[in-house]
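Good morning, and thank you for the time. I would ask everyone to keep the sequence and the model in view while I speak.

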Amino acid sequence: MSSSTAASRPRSAAGAAPLSLCAREPRVPADRLVAEMVPPPRFDSVRFATYLPDANQPSQTKAVRVLEGFAAGLGGAPSGGGRRGFLGFGRSRAARVPAGPRGVYLDGGYGVGKTHLLASLWHAAPAEPALKAFGTFVELTNLVGALGFQETVRTLSGHRLLCIDEFELDDPGDTVLVSTLLGRLVDAGVALAATSNTLPGKLGEGRFAAVDFLREIQGLSAHFRPLRIDGEDYRHRGLPEAPAPFTDAQVTQTAYATEGASLDDFPRLLDHLAKVHPSRYGALTDGLRAVCLTGVRAVPDQATALRLVVLADRLYDREVPVLASGLPFDVLFSEEMLNGGYRKKYFRAISRLTALTRDAKPLVAA
């Protein structure tokens with residue numbers, strides 16, 4: 001990755017000028033996109049054993065049990081190309097091809113721990129990291145854009161497992177593209193696991209996306225076993241309310257006092273995000289220990305809102321605390337946005353940003 005000189009210059013000591021996201025214009029080579037298809041830092045250490053099922057939601061305990069069995073079924077020596085058997089088993093006379101779906105789909109609302117479980121599956125799968133891939137739907141489509149379709153098929157066909165987080169059912173064009181890609185990978189013997197967002201108009205509380213997901217991936221539906229995971233957003237279970245926004249002076253002082261912090265005016269940052277492809281938002285946050293924002297206000301339009309959702313996801317994945325002044329994060333999006341087709345994305349962003357503001361509170365001097 002390369003970026004502007006100002007953005008890449010390391011902080012020498014607390015009290016030096018903070019970094020600025022708006023000064024960063026990262027360039028991410030294609031090989032980095034492939035190498036980084038692993039669970040993000042927030043999920044480095046998660047395992048099935050660290051997932052804490054809600055005692056009132058038996059579907060959560062069931063999901064852990066099913067996924068543990070699925071991971072165990074991924075063992076065995078891989079064989080090449082389309083002759084590979086189910087879940088990577090070779091079709092030799094000595095090997096039997098297990099029966100049942102070669103993919104799992106985790107179906108549930110935001111904050112029930114789907115990504116935790118998906119990352120736990122990746123960690124539990126008995127294969128070298130180079131033979132497993134983990135990424136969001138957006139990251140997968142970005143990979144296709146960077147490598148081309150055929151090269152992406154070639155690159156991923158040798159894998160034992162592909163985990164796709166946040167399958168974007170609200171983007172029909174990209175859904176068809178990825179569905180075609182997954183079909184080629186299934187033929188090559190790659191096991192699949194996915195979570196997804198629901199389609200526009202299908203976003204009411206208590207409704208799940210399994211039928212929509214299986215329909216959208218068309219011929220692949222027979223390869224997926226849907227696992228419904230009920231529950232409330234774990235980030236708010238028994239936790240205090242998110243802290244109120246701080247003053248501009250507090251945010252600025254904290255940015256100068258915190259090694260590796262960035263400081264940006266929120267409206268200016270929103271403008272800058274329009275100039276950086278979302279595939280680079282992870283690189284945009286490289287090396288940051290905190291993000292400090294002044295003048296948070298309501299997001300003006302849907303295109304801007306969707307870019308902010310991607311940034312919130314990358315910050316959450318990397319456990320970067322967010323300290324802000326202005327409006328609280330729960331009023332970022334208009335009522336029209338929260339009632340529209342991307343409602344689930346916006347609630348996820350609010351949930352994640354709220355969690356990151358809690359993480360930032362200890363940085364502020366008493």
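This is a predicted model: local features need pLDDT of at least 70, side-chain atom pairs count only at pLDDT 80 or more; totals for chains, interfaces and linings use all residues.

Let me begin with a term: a cavity here is a set of grid points where a 1.4 Å probe fits but cannot get out, and its lining residues have an atom within 4 Å of a point.

How many cavities of 30 Å³ or more does a search of the whole structure find? The search finds one. The volume of the largest cavity is about 70 Å³. Please locate its lining, which is formed by Phe 266, Leu 269, Val 291, Leu 293, Leu 308, Leu 311, Ala 312, Leu 315, Val 322, Phe 329 and Leu 353. Two or more of these residues come from each of helix H10, residues 266–273, strand S7, residues 290–296, and helix H12, residues 302–317. H12 supplies the largest share of the lining, with four residues. In terms of class, the lining has 11 nonpolar residues, and no polar or charged ones.

Is S4, residues 191–196, enclosed or open to the outside? Six of its six residues are buried, and so S4 is largely enclosed by the rest of the structure. The covering applies to both faces of the strand. On one side are Ala 191, Ala 193 and Thr 195, and on the other are Leu 192, Ala 194 and Ser 196, all of them buried.

Which strands pair with S4? One of them is S1, residues 103–108, which runs parallel to S4 and is joined to it by four bridges. Within this pairing, Leu 106 has Thr 195 of S4 as its bridge partner. Strand S3 also runs parallel to S4, and here there are five bridges. In that pairing, Phe 167 stands opposite Ser 196.

Is Glu 166 buried or exposed? With a relative accessibility of 8%, Glu 166 counts as buried, because the cut-off for that class is under 20%. Its backbone also deserves a remark: phi is near 60 degrees, a positive value in a residue other than glycine.

Glu 319 is found in the loop between H12 and strand S8, residues 322–326. With a relative accessibility of 43%, Glu 319 counts as partly exposed.

Let us move to the helices. In helix H6, residues 149–157, the buried residues are Thr 152, Val 153, Thr 155, Leu 156 and Ser 157. What do these buried residues pack against? Their partners are helix H2 (30–35), strand S2 (132–136), helix H5 (137–147) and helix H7 (172–187).

Helix H3, residues 58–72, contains Lys 62. Lys 62 has a relative accessible area of 41%, and is therefore partly exposed. Although Lys 62 and Arg 228 are 166 residues apart along the chain, their C-alpha atoms are separated by 9.2 Å.

Finally, a word on the cysteines. How many disulfides are there, if sulfur atoms must lie within 2.5 Å of each other? By this rule the count is zero. Cys 22 counts as buried at 9% relative accessibility, and Cys 292 is buried with a relative accessible area of 1%.

To close, I would ask you to keep two places in mind: the cavity lined by 11 nonpolar residues, and strand S4, with both faces covered. Thank you for your attention.

Technical notes:
Residues are numbered from 1 along each chain as its sequence is written. Side-chain values use heavy atoms; hydrogens and water are left out. On a 1 Å grid over the protein atoms alone, a cavity is a set of points where a 1.4 Å probe fits but cannot get out, and a pocket is an open set with protein on both sides within 12 Å along at least five of seven lines; lining residues have an atom within 4 Å of a point. Grid points are joined across faces, edges and corners, and a volume is the space filled by probe spheres set on the points. Ala, Val, Leu, Ile, Met, Phe, Trp, Tyr, Cys and Pro count as nonpolar, Asp, Glu, Lys and Arg as charged, and the others, Gly among them, as polar. Buried means under 20% relative accessible area, exposed over 50%, partly exposed in between (1.4 Å probe, protein chains only). Contact means heavy atoms within 4.5 Å. A disulfide is a pair of cysteine sulfur atoms within 2.5 Å. Two strands pair if DSSP finds at least two bridges between them.
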